[in-house]
Amino acid sequence: MGLLSGQRPPGLGFSAGKFKPCSWKPNCVSSTADPKTDHPHFIEPFSFTDDAPKAWSRLGGVIRAAPRASVIREDAGYMQTEFRSSVMGFTDDVEFALDAQNGKIHVRSASRLGVRDFGVNRARIEDIRARFAAAPK
């Protein structure tokens, strides 16, 4: 790990329908943030209409094909990944959780270091969302 990769934060995971809350820093987005009280951090979850295991597998394919992405942990319905920036080697922690009943995949993406991310985490999630939607079902 490089100097700018930082340490993996404690408390990652999905429990009681929620991810760890984003801190005050504007370098995190989460679909489990409250859109009314934490609008700057809120991002929509991914939606799917096909079979949940197929949707989950499709997401896994999108993540594994992404540049500089590593799957750190994958359990039934939960995936913890890391994305590294190409030049400086900053690491962002990105999590996904399957809500099969509601046809959703919740997501959280946060920078380990710094305060601002200049929209990188939100843009990454929107790019993954587009690739997920375009992937063959």
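**Note on helix packing and pockets**

1. Helix 1 passes helix 2 in a right-handed crossing. The model is a predicted one. The two helices, of which helix 1 covers residues 52-65, pack with their axes 9 Å apart and at an angle of about 125°. Angles of 65 to 115 degrees count as roughly perpendicular and those over 145 as roughly antiparallel; helix 1 and helix 2 are therefore oblique to each other.

2. On the helix 1 side, the contact is made by Ala55, Arg58, Leu59, Val62 and Ile63. Their partners in helix 2 are Ile128, Arg131 and Phe132. Sorted by class, this contact has six nonpolar and two charged residues, and no polar ones.

3. The largest pocket holds about 410 Å³ of space. Strand 6 (78-84), strand 7 (91-99) and helix 2 (120-134) are the elements that each give two or more residues to its lining. Helix 2 supplies the largest share, five residues.

4. In total, 20 residues line the largest pocket, and those nearest its centre are Arg84, Ser85, Asp92, Val120 and Arg124. The lining of this pocket has nine charged, eight nonpolar and three polar residues.

5. For the second largest pocket, the volume is about 200 Å³. Its lining has 15 residues, with Pro9, Ser23, Arg108, Ala110 and Ser111 closest to the centre. Strand 8 (residues 104-111) gives the most to this lining, three residues. By class, the lining of the second largest pocket comprises six nonpolar, five charged and four polar residues.

How values were computed: Residues numbered from 1 in each chain as written. Predicted model: local features only at pLDDT ≥ 70, side-chain atom pairs only at ≥ 80, totals over all residues. Heavy atoms only, no water. 1 Å grid on protein atoms, 1.4 Å probe; cavity = no way out; pocket = protein on both sides within 12 Å on 5 of 7 lines; lining within 4 Å. Points joined across faces, edges and corners; volume = space filled by probe spheres on them. Helix = DSSP H or I, 4+ residues; strand = E, 2+ residues; numbered from the N terminus. Nonpolar A, V, L, I, M, F, W, Y, C, P; charged D, E, K, R; others polar. Axes fitted to C-alpha atoms, helices over the stretch in contact; angles between N-to-C directions. Parallel < 35°, antiparallel > 145°, perpendicular 65-115°, else oblique. Left-handed = near helix turned anticlockwise from the far one by under 90°. Contact = heavy atoms within 4.5 Å.
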